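Thanks for making the time this morning.

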Amino acid sequence: MNQTRWDHTRIPPQNGKLAVVTGANSGLGWHISLQLARQGAHVVMACRDKARALQAMEAIRAEVPGARLSFQALDLANQQSVSACAAALSAAHSHIDLLVNNAGVMFLPYALSADGFEIQMACNHLGHFLLTGLLLGPLGRASAPRVVTMSSGFNHYGRLPQEGFRGSPRYSRHRAYCDTKLANIVFARELASRLAGARSHIVSVAAHPGYASTNLQFGAANVSASRWLASLNRAAMRVSNALLAQPASMGALPALYAATDSGVKNGDYFGPDGLQESRGYPKLVDAPRRALAADEVARFWALSEAATGFSYGDATLGRESGHGAVRLR
Ligand SMILES: NC(=O)c1ccc[n+]([C@@H]2O[C@H](COP(=O)([O-])OP(=O)(O)OC[C@H]3O[C@@H](n4cnc5c(N)ncnc54)[C@H](OP(=O)(O)O)[C@@H]3O)[C@@H](O)[C@H]2O)c1
């Protein structure tokens with residue numbers, strides 16, 4: 001990447017493209033949707049709350065009159081909802097050009113998802129692992145498809161679960177979040193490698209936003225044990241966001257670059273170029289060393305397949321016409 005100060009004004013035209021953005025109603029997902037819609041993409045906003053999604057669409061249309069937007073229900077922490085979302089998208093669209101695995105939760109206290117997995121891992125990793133697998137068919141039918149997965153600089157502090165995804169009630173909610181963000185970058189890169197191995201034209205890349213002012217920091221505050229503690233946490237987050245964070249519009253840039261620039265290569269990872277990758281414009285960044293341990297990655301991938309019931313080895317990529325169907329190993 002040899003461009004400097006890449007921003008949303010350099011996004012190429014997206015007319016005729018279909019983009020699916022998870023967690024599109026808030027923060028980075030909203031800005032990613034806004035900029036894709038501004039350049040002419042049809043953006044499917046895959047969100048867990050319809051009212052919040054409709055409000056977010058209205059806010060985009062206030063900036064981009066005539067923006068092509070649709071709502072798709074998706075609760076990533078519930079695998080039945082993920083499967084229903086993928087089925088609805090596959091039925092409604094002949095192909096998908098772009099999938100942005102953006103939605104996330106942070107620092108939540110221990111809880112189990114509908115499927116019995118630790119809630120942060122269920123939402124941030126397992127939901128996206130399953131959704132992406134189920135959408136490989138329609139992605140494969142696009143001419144230049146991409147999957148962008150949102151990680152975090154916190155991935156450097158994570159470890160890959162090696163025994164399963166239930167966590168433990170004694171777990172650290174901060175560590176657990178870091179684990180999910182390591183899982184995101186590992187997923188993006190391992191998918192890239194499997195796609196390349198299968199000679200698929202689908203590109204898998206990752207991004208992280210640095211520190212951006214969004215609603216993410218308030219999720220944990222809102223479930224604090226007492227109302228007093230919740231208000232204190234919210235106040236602390238507001239101060240921290242105001243003093244230290246960059247705007248969400250800037251935090252969205254690495255993912256937007258990953259999603260749209262013509263120079264992006266399978267397996268690339270982008271983050272901000274300033275102050276320890278906490279702010280700034282997109283640049284190529286290094287994945288944490290822990291993302292590179294092949295045996296751990298293989299075990300983690302197998303565990304993810306077991307937890308979701310989805311085997312990437314059995315997935316057929318939809319290039320039936322002209323190119324022949326290809327399969328992932
Ligand atoms: N902001 C930062 O500084 C920062 C730093 C590093 C990484 N990130 C990553 O950036 C991504 C976006 O976060 P953000 O900062 O934009 O936070 P945000 O404003 O809180 O947005 C998160 C989005 O995810 C959605 N979501 C949460 N749980 C979901 C579920 N079970 N199913 C479907 N959607 C769900 C939320 O929906 P609701 O509105 O319904 O809750 C919301 O739309 C996350 O993956 C986060 O880890 C952010």
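Predicted model: local features only at pLDDT ≥ 70, side-chain atom pairs only at ≥ 80, totals over all residues.

Residues are numbered from 1 along each chain as its sequence is written, and side-chain values use heavy atoms, with hydrogens and water left out.

How many salt bridges does the structure hold? There are four, where a salt bridge is a side-chain nitrogen of Lys or Arg within 4 Å of a carboxyl oxygen of Asp or Glu. One of them joins Glu 63 and Arg 38, at 3.4 Å from N to O. That pair links distant parts of the chain, since Glu 63 sits in helix H2 (residues 50-63) and Arg 38 in helix H1 (residues 27-38), 25 residues apart. Helices here are DSSP runs of H or I with at least four residues, numbered from the N terminus. Glu 63 counts as partly exposed because its relative accessibility is 42%, and Arg 38 falls in that class at 34%; for reference, buried means under 20% relative accessible area, exposed over 50%, and partly exposed in between, with a 1.4 Å probe and protein chains only.

Another salt bridge is formed by Arg 52 and Asp 49, at 3.8 Å from N to O. Arg 52 is partly exposed, with a relative accessible area of 42%, and Asp 49 is partly exposed too, at 24%.

The pair Arg 194 and Glu 190 meets at 2.9 Å, N to O, and both residues lie in helix H6, four residues apart, or about one turn of the helix.

Leaving aside residues up to four places away in sequence, Glu 305 touches Phe 129, Phe 310, Ser 311, Tyr 312 and Gly 313, contact meaning heavy atoms within 4.5 Å.

A search of the whole structure finds one cavity of 30 Å³ or more. On a 1 Å grid over the protein atoms alone, a cavity is a set of points where a 1.4 Å probe fits but cannot get out, whereas a pocket is an open set with protein on both sides within 12 Å along at least five of seven lines, and lining residues have an atom within 4 Å of a point. The largest cavity holds about 30 Å³ of space, and helix H4 (residues 119-134) gives the largest share of its lining, three residues.

The second largest pocket holds about 260 Å³. Its lining has 14 residues, of which Pro 161, Gly 167, Tyr 171, Ala 176 and Asp 179 lie nearest the centre. Helix H6 (residues 173-197) gives the most to that lining, with three residues.

Definitions and conventions. Points joined across faces, edges and corners; volume = space filled by probe spheres on them. Helix = DSSP H or I, 4+ residues; strand = E, 2+ residues; numbered from the N terminus.
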